[in-house]
Amino acid sequence: MIRLTFFLLLLAAPQLVWAQANSADPLEPGKEAFREERYAEAERIFLQVAANDPQNAEVQFLLARVYFETPLRDEGRARRAIGKALDLEPENVEYLVARLMQYRTDSWGFLSDRIKEARRLEISRVILKFDPDNPYAHEELGLVNIREFWKYRNAIMMPGLNYGYAGMQRTEVDRERELLTPEDLTLDGLLTDPGFNAPPEAADDTYIDINQVFLSDKFDLEALEGQGVNVLDISQRAEKAYQRAVAHLGKALEVDPRRRPIYDEMMQVFALKGEYEDALVMLEDMYAFFPEDPDLWRYFGLAHYKLGNMADADRSFATAFEFMPGNEKRAYEDLELFLTREERALREEDPVAFNARYWTSQDPRYLTTYNERKLEHYYRLTYADLLYSAPPLDLRGWETQRGQIMVRYGPPPRDVMLRPTVDGVFNARQLVTGAVVETIIGSNEEGVETAGRSVAGATSFGVLQSTAAAAFEENNTYNIWDYGDFRFVFEDPFKNGEFRMYSPPADELFTEISSWRNDYVELTKETIARVPERYEYEAPGRQIEIPFLATAFKGDEQRTDLYVHYGIPLNDYDRDKEFVEITANAGTFLVSEQRDILVERRRTIYGLPVDQVVQFEDQELWVDSQVMQSPPGSHEVSVEFATASGLTVAVQRRGVDVPDFNTASIALSDIMLAYGVEETRNNAPLGPNEIVRGSLSIKPAPWSVYGSDWPIYLYFELYNLALGTDGLTDYDVEITLTPKDERRGVGRIVGNLLGVRRTGVSVTFHGAGTNPDEGLYQILDASRQDIGLYTLNLTVVDNVSSERAEREQDLFLEN
């Protein structure tokens, strides 16, 4: 009997343990249901416990979670539940954090947003009293200060300026009010402010009607200042907000480095301030926890790009694309903003090839392994997404109006937030007198707290004061982006930070202002049609000019030999040494009309040989040449040079027309200007930087400049000369060097009719041979000519076929 009783006790033990556990913690079954996502069952259990134990704060907290975090979402019931929990335990940090999270939800309007922001601020301060290291409270205070930094980093006001809205006039009192923070203003002060209700007297010279200032663009800040409008810079507020934002967000990450959103928030404020060195330090911390996050690598790319670390930026963006989802990656590949209708049709045929050609056409330096224009595009997209995204509208930054302008034109040289503070007064007055107070924060069935509740269920009256004060500060704000020759103006009419392109209100159509001059919806369309995008490359170091000449000759296998001769300007160097001590990269590139790179020649130069230096009147050039085989057609030649340090950069580009010499008719090569031509043996050049054509060693010139006492060497080739009955060619050559005829219009016509000849140098000679292709050179003596610009003309007449060919080139003589 004893054994049977013991056995029965063993069987009953688990049930006894379960019963004891549930009697000790009646919430455990509900918690288990919550963890297993059986939310309706969890709600039922928690409601039963709450009914049985009205003083149980935890069950109210758990109900708040059910109503806020699950498909049973009901924000009103969630607010009431967490309010009851805080009534019972007002110093419970976990409950305070839950209340803080509830106030982060989107609101229906500006005043509601401001009230929630004020409550979040006060709750955060209370949390930090009990838990100084709480990451949620520090994050909230960081976000508040980011918004303050956004608001004032480039803000100005124009006290006394009326923007044409009836009844919204400004007085001198407003100037002082705008310099106060919400905490500085009291409810009594708002009600008794003499400048609040009373419009200025007619004699008050602080009031300026914009319609009397000028009759065109009311956003032309320089014109406003020029006509005496007082511009008040309030950007000094921003620095403290920045410091507080970084301190609070940094503390939040120190406590919880896995709080992923904080990295985005810190990157945003670093980008706004331009503190990219600090951003890199923060991103290294982010890498430790989120190494495969595409945003991490986008941010690395952004920071490196702005710091001038182009190779690192290129690698960072490439890594971002490896981890980036397809839809986001396509946004980085999309060229829609920049293309014409015809270009869009071409892109549809082969998007990959089209994109490659497009970016080649935009690349400012082929010599580098990265495309600076493409990196700029990636930077603009990332910057726009970081600063101008609109999550409530489900828009990425590059999809918003400000973001699209940023992608097209980059950051504006002048970016100003104009706060006229001429609207919002009516709403503020309603708020203070109670009409809006009852609507926004009065007690109601949805559980919104009354204005008299504190944080633990009682928002202090200071929240109402700061909210009312904020109504004065958060007026319709204009963001002006001035690019010099055009500008864009955005407005924030709903006070939610979602800026849109400004268009005048209907009543402005009847003012004296030319409303079309202020309709930036239409002006933007005109600007984009005229200037679809803008990018101006700035070299990382000193930028120099490279003179170069390109000459084309008949080559092998239906191709053309294209010689490019260039000169690198030199300043001070030791002429007694064999080399100029410079390590540099040089490149010559041939790009087709379709923007394909046909030929590239790259080299690293370890010291410039002094025997390749040519001295001119005001300049010394280190001269070098590259040869490439080119198909006929219209191409572009790019000659590039950069010292290894990056302190000196040169890029020079010019279009060239490469002839097709494989025809049946007589053809004449380009004229190769040279400093010397000599017979050579074994097809070997006789000196540095000399090229060999046939049996001649030629020292080519990089530009069309000669000293007046220098011999002018010309090399050219004749093709397809006809053979006579005797099997010989027969041709005449005339070379003239005459002052360039810069006469225009009638003067030039009359001079030609009268047979007025201009003095210069002329050489003629007769030639004959057995080869239809000939390579010839000639030396001109221009020592008796004045300095100045000349025209070199070469004419060849084939006496067998009676065909002729001509070439013309400008040339400059200096002392």
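This is a guided tour of one predicted model, stop by stop.

**Before you start**

Residues are numbered from 1 along each chain as its sequence is written. In this predicted model, local features need pLDDT of at least 70 and side-chain atom pairs count only at pLDDT 80 or more, while totals for chains, interfaces and linings use all residues; side-chain values use heavy atoms, with hydrogens and water left out.

**Stop 1: the whole chain**

Show the chain as a cartoon. Its secondary structure comes to 28 helices and 28 strands. Helices (H or I, at least four residues) and strands (E, at least two) are DSSP runs, numbered from the N terminus. The chain has 815 residues, and 52% of them count as buried. Buried means under 20% relative accessible area, exposed over 50%, and partly exposed in between, with a 1.4 Å probe and protein chains only. Now think about contacts, meaning heavy atoms within 4.5 Å. Take those in the chain with a separation of 6 or more: residues 24 or more positions apart account for 67% of them.

**Stop 2: the largest nonpolar core**

Select Met 267 and Tyr 383. In the largest nonpolar core, which has 83 residues, these two touch the most other members. A nonpolar core is a set of buried Ala, Val, Leu, Ile, Met, Phe, Trp, Tyr and Cys residues joined through side-chain atoms within 4.5 Å. Which helix gives the most to this core? It is α22, residues 372-388, with 9 residues.

Stay on Met 267. Set aside its neighbours within four places in sequence. Met 267 is then in contact with Ala 279, Met 282, Leu 283, Tyr 299, Leu 302, Ala 303 and Leu 386. Another core, of 40 residues, lies apart from the largest one. Among its residues are Ile 544, Phe 548, Tyr 566 and Ile 568.

**Stop 3: α17 against α22**

Select residues 294-306, which form helix α17. Keep α22 on screen. The two axes come within 9 Å and cross at roughly 120°. Axes are lines fitted to C-alpha atoms, for helices over the stretch in contact, and angles run from 0 to 180 degrees between N-to-C directions. α17 and α22 are therefore oblique to each other. Angles under 35 degrees count as roughly parallel, over 145 as roughly antiparallel, 65 to 115 as roughly perpendicular, and the rest as oblique.

α17 passes α22 in a left-handed crossing. A crossing is left-handed if the near helix is turned anticlockwise from the far one by less than a right angle, and right-handed if clockwise. From α17, the contact includes Tyr 299, Leu 302 and Tyr 305. From α22, it includes Leu 375, Tyr 379, Tyr 383 and Leu 386. By class, this contact has 7 nonpolar, 1 polar and 5 charged residues. Ala, Val, Leu, Ile, Met, Phe, Trp, Tyr, Cys and Pro count as nonpolar, Asp, Glu, Lys and Arg as charged, and the others, Gly among them, as polar.

**Stop 4: α18 against α22**

Met 310, Ala 313, Asp 314, Phe 317 and Phe 321 of α18 meet Leu 375, Tyr 378, Tyr 379 and Thr 382 of α22. The residues of this contact divide into 7 nonpolar, 1 polar and 1 charged.

**Stop 5: α17 against α18**

The axes of α17 and α18 come within 8 Å and cross at roughly 165°. That makes α17 roughly antiparallel to α18. The crossing of α17 and α18 is left-handed. Trp 297 and Phe 300 are among the contact residues of α17, and Phe 317 and Phe 323 are among those of α18.

**Stop 6: a strand residue**

Jump to Gln 626 in strand β15, residues 620-630. Is Gln 626 buried or exposed? It counts as buried, at 15% relative accessibility. Leaving out residues up to four places away in sequence, Gln 626 touches Leu 562, Tyr 563, Val 564, Tyr 566, Thr 588, Arg 601 and Arg 603.

**Stop 7**

Select Glu 37, in the loop between α2 and α3. Glu 37 is not a glycine, yet its phi is positive, about 65°. It is exposed, at 57% relative accessible area.

Next, pick Asn 682, in the loop between β19 and β20. Its phi is also positive, near 60°. Asn 682 is exposed, at 78%.

Finish at Glu 536, in the loop between α27 and β9. Glu 536 counts as exposed, at 63% relative accessibility.
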